[in-house]
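Here's a quick briefing to read with the model open beside you.

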Amino acid sequence: MRNSFSKLPLTGVKVVDFGQYIAGPAVAMLLGDLGATVVHIDPPEGPMWDSPANATLNRNKVIVNIDLKSESGMEKARALCAEADILVENFRPGKFAKLGFDFAAMREDRPELITISVPGFASNDSERRELRAYESIVAASSGVFTDMGLNRVLMGLNPSFSPLPLASAYASQIAASATVLALQSRQVTGLGDQIEVPLAAAVMEGLCYNSIKVDGMPERYLTQRETEIERRRVEGLPMNVSYEDLQELMDPFFRSYMCKDGRMFYVVCPSHKNHARRCLEVLGIYDELVEDGLTSEENTYKPWSEWEHEASLGVYPMPKDWADRISARMKEVFMTRTSHEWKKMFGRGMIPGAPQRWLQEWIHDEYAETSGLMIDVWDPIYGDMTQPGPVVWMEESGEEALQPHPRRWVEFEEALKILKKIRTDLPEPSEDLAQEGWLSGVRVLDLCNVIAGPHSASYLARFGAEVIKLEPADPMYDSWNTVIYGMSQMRGKRSILADITSRHGRQVFEDLVKTVDVIVWNAPDSQIKKMGLDADSLRKLNPDALFCKLDCFSGVRRGTRTDYIGYDDLVQATTGIMLRFGGAMDRPEEHAHVGTIDVMCGFGGALGVAAALYQKYRFGRIGRGRTSLSSNSGLLQVPFAFDFKGRGLFEEPSGPEASGYDALTRFYSTASRHILLSAYEADLPLFRNVEGLEELPDLHEEERAAFLAYTFLSQPASEWVARLQAADIGAVICENLDSLRAMNLRDADGKPGTDNGSYSFSNYPDHPSGHEVIQLDPYAVRSVRGKITALPSAEKFGASTRAILKDLGYADTAIEAMIKSGNLSESWSEEYLPS
């Protein structure tokens with residue numbers, strides 16, 4: 001295990017991990033990768049999920065096989081728990097307490113203890129808490145499969161199956177960040193906490209950009225696909241658009257193009273001032289399109305009716321006539337070079353674009369290996385093995401994080417000895433801060449854009465952090481990207497607009513840096529150094545400030561693509577997610593939840609901040625947290641993101657026709673709606689207790705799907721789900737976000753929603769935007785001690801410029817002069833959401 005001289009931030013933190021499957025072990029893996037000493041407990045017969053992925057999930061852990069159903073086993077487990085700082089479990093609510101581990105009672109004896117529970121559904125969800133909450137059950141219940149994006153709706157493929165463990169990936173990042181936030185709070189107060197992060201609530205937080213509803217959304221923000229869906233619904237037409245026809249409804253700067261080498265290349269540059277222009281320039285067609293009349297509106301934040309022209313380069317979505325003309329030329333030009341050539345030309349030109357690749361290619365990609373995004377680990381079962389690298393790391397200890405210890409089985413006595421050797425010094429427990437948030441008094445400067453970085457800072461705000469969001473005085477992105485996304489990621493922040501490259505803006509920027517505890521930015525290293533936020537320069541401005549960087553392609557080590565810019569979609573293309581979802585090279589599809597990896601990366605950024613705060617309070621070290629969209633893709637694909645000699649085919653479910661894994665885990669139509677059945681071979685005897693399905697255990701394996709498909713059509717979904725759940729078989733109706741929103745909606749009441757079970761939305765009739773807005777509550781983290789804050793609605797960009805300048809000590813006359821100069825601004829537009 002880690003030695004006492006390690007520079008990893010969680011060195012000396014002791015974790016006992018009771019987790020099974022993905023979520024629980026992944027939480028402990030994230031803690032172990034950051035230096036914690038982890039003892040993992042498996043049943044005597046081994047893990048409940050027998051997968052090579054356990055080699056990744058259990059690295060940096062010693063494993064003890066203990067029978068928790070025996071008295072001697074319980075004594076051993078209790079002895080290990082007595083030495084731990086953190087306990088992790090992900091059973092059904094109440095099951096762990098029934099086994100004899102009552103977290104509330106344990107914390108009464110040891111108030112410094114931190115416990116983290118990651119159940120499928122919330123403990124205060126009386127309707128669902130007892131369900132067998134497998135990954136696919138949680139996904140189906142939470143609208144994941146029925147809200148797979150506009151493409152699948154138009155193709156009539158609804159629900160659509162995906163093997164990505166979204167719920168477990170989101171939950172593990174949220175739970176790990178919450179755990180370390182509680183840990184750094186413990187260094188101040190001496191008090192631990194009892195935390196719950198339900199998978200269902202976690203995946204809903206991942207879908208918060210999909211589930212928002214803005215009443216009266218202006219027409220300018222509706223894409224061709226949204227318009228076509230509405231037209232077909234109004235006219236009663238079927239959703240039967242072919243994949244090929246669907247491509248012609250895509251924005252030219254947000255789609256894939258075939259290249260000379262037969263590989264598709266994904267372009268994602270629709271809403272930045274410069275990206276679309278650079279794209280056309282590198283393709284050599286910018287001048288000709290301008291001559292044909294393509295324009296760039298100087299101020300796209302004016303109402304659409306005041307624009308000089310209908311279209312503007314760098315605004316999403318493009319009107320159909322221009323979209324068709326531009327994409328036709330782009331198709332022609334992309335065929336003149338290989339995808340590899342375009343990758344280098346786009347990357348060096350600071351244009352977001354990447355070739356489509358399969359996961360197997362990514363695992364063995366030279367950049368992935370040299371950067372530490374994929375690492376080689378010797379495993380005692382599989383031998384030399386390639387696994388995802390660390391998801392979150394610190395700049396100063398990243399190299400050590402690249403050398404994980406392989407999982408190791410030990411006897412109980414050795415595991416106990418390992419824990420007993422480590423001693424943690426804590427302050428005397430103090431109840432003075434018992435009702436405060438874990439981050440009360442922490443001040444954060446958010447310099448980020450789009451989703452991952454800003455979402456990270458907003459997440460920190462719910463725990464009491466004061467967050468100031470600094471954006472340019474003149475926006476670089478269009479209002480679709482800033483304002484619409486901002487309704488979610490700007491919650492809980494104050495906004496100031498300043499050009500930090502100008503004289504006055506730079507002074508304000510440096511004054512802000514001097515007053516904050518944490519700075520978060522998603523930018524390449526070159527830009528960070530230019531703005532004086534590299535480690536040496538920042539130390540001169542504010543020696544105590546912590547810095548967290550999020551970006552697209554970074555790993556621990558620098559490589560050819562480290563400074564390439566990009567977005568969630570490009571990582572989906574690069575790491576095989578889009579090809580798996582689409583099923584073939586000539587039909588890649590975005591795994592179309594807004595921010596599939598972005599939001600997860602945001603939680604990873606929060607984990608980086610939490611780890612930096614902990615090591616500052618524990619060791620006095622000022623560190624720099626790091627994460628990237630690419631590193632998070634390894635967590636998102638952890639069930640199949642590995643390779644070793646003798647590994648089988650990469651054959652996880654893929655393509656638009658995928659309905660599940662096998663006859664026992666897949667969608668079925670009923671007399672009413674679709675249901676998701678999730679059962680294992682070991683569950684077959686349980687079907688004898690289900691009226692109408694008693695014959696299933698006697699059938700040959702190849703006969704099961706046809707039998708179930710025919711039989712399920714005889715009754716409505718609610719009847720089958722009731723029968724199956726009564727027999728303790730995993731089955732749920734495939735819900736959608738619209739119905740979940742309607743069934744779990746309340747008027748905003750200043751509470752975070754943590755008391756409302758697995759799903760919770762609030763209606764804001766008086767939203768600052770002037771629109772009625774429904775949003776998911778900030779409710780995935782439920783803690784006993786640390787206060788969770790209901791975040792205020794996102795204010796208009798620039799609304800706090802004057803107030804922040806006054807807080808910095810600027811006089812009114814100076815503020816007026818700076819605003820008049822254009823170096824600072826109070827607004828980008830007359831309207832909150834430009835019409």
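Leaving aside its neighbours within four places in sequence, which residues is Thr 56 in contact with? They are Met 29, Gln 387, Pro 388 and Val 638. Keep in mind that this is a predicted model.

- Thr 56 sits in helix α2, which covers residues 53-57.
- With a relative accessible area of 1%, Thr 56 counts as buried.
- Tyr 257 belongs to strand β8, residues 254-258, and its relative accessibility of 1% makes Tyr 257 buried too.
- If you skip residues up to four places away in sequence, Tyr 257 touches Pro 252, Arg 263, Met 264, Phe 265, Val 267, Ser 327, Met 330, Lys 331 and Phe 334.
- For a sense of scale, Lys 320 is 63 residues away from Tyr 257 along the chain, and their C-alpha atoms are separated by 18 Å.

**Strands and how they pair**

- Strand β5 (residues 114-117) has β4 (residues 86-89) as a parallel partner, with 4 bridges joining the two. Within that pairing, Ile 86 stands opposite Ile 114.
- β5 also pairs with β6 (residues 193-196), again in the parallel sense and over 4 bridges. Here Thr 115 has Gln 194 as its bridge partner.
- Which way do the side chains of β5 point? Ile 114 and Ile 116 go one way, Thr 115 and Ser 117 go the other way, and all are buried.
- Elsewhere, 3 strands make an open antiparallel sheet in the order β11-β12-β21. Its edge strands are β11 (374-379) and β21 (643-644), each of which pairs on one side only.

**Two helices**

- Helix α20 runs over residues 412-420, and its buried residues are Phe 412, Ala 415, Leu 416, Ile 418 and Leu 419. These cover an arc of only 155° around the axis, so they lie on the same side of α20.
- What do the buried residues of α20 pack against? The list is β1 (14-17), β2 (37-42), β3 (61-65), α3 (71-82) and β14 (408-409).
- Turned away from that buried side, the other face of α20 carries Glu 413 and Lys 417, both exposed.
- Helix α23 (residues 503-515) has 13 residues, which at 1.5 Å a residue should span 18 Å; the end C-alpha atoms are 19 Å apart, so the two values agree.
- The N-terminal end of α23 is capped by Ser 502, with a side-chain oxygen 3.1 Å from the backbone nitrogen of Gly 505.
- Gly 505 is also among the buried residues of α23, along with Val 508, Phe 509, Asp 511, Leu 512 and Val 513.

**Salt bridges**

- How many salt bridges are there in the model? The count comes to 58.
- Glu 466 and Arg 443 form one of them, with their closest N and O atoms 2.8 Å apart. Glu 466 is in strand β16 (residues 466-471) and Arg 443 is in strand β15 (residues 443-446), so this pair ties together parts that are 23 residues apart in sequence.
- Are those two partners buried or exposed? Glu 466 counts as partly exposed at 33% relative accessibility, whereas Arg 443 counts as buried at 15%.
- Lys 493 and Asp 446 meet in another salt bridge, at 2.6 Å from N to O. Lys 493 lies in strand β17 (residues 493-498) and Asp 446 in strand β15, so the parts tied together here are 47 residues apart in sequence.
- Lys 493 and Asp 446 are both buried.
- Arg 587 and Glu 589 also pair up through their side chains, at 3.5 Å from N to O. Glu 589 is buried, with 1% relative accessibility.
- There is a network as well: salt bridges link Asp 525, Lys 549, Asp 551, Arg 558 and Asp 563.

Definitions and conventions. Residues are numbered from 1 along each chain as its sequence is written. This is a predicted model: local features need pLDDT of at least 70, side-chain atom pairs count only at pLDDT 80 or more; totals for chains, interfaces and linings use all residues. Side-chain values use heavy atoms; hydrogens and water are left out. Buried means under 20% relative accessible area, exposed over 50%, partly exposed in between (1.4 Å probe, protein chains only). Contact means heavy atoms within 4.5 Å. The expected span of a helix is 1.5 Å times one less than its number of residues. A polar contact is a pair of N or O atoms within 3.5 Å; within protein, one must be able to donate a hydrogen and the other to accept it, and residues adjacent in sequence count only if both atoms are side-chain atoms. Two strands pair if DSSP finds at least two bridges between them. A salt bridge is a side-chain nitrogen of Lys or Arg within 4 Å of a carboxyl oxygen of Asp or Glu. The arc is that of the directions from the helix axis to the C-beta atoms.
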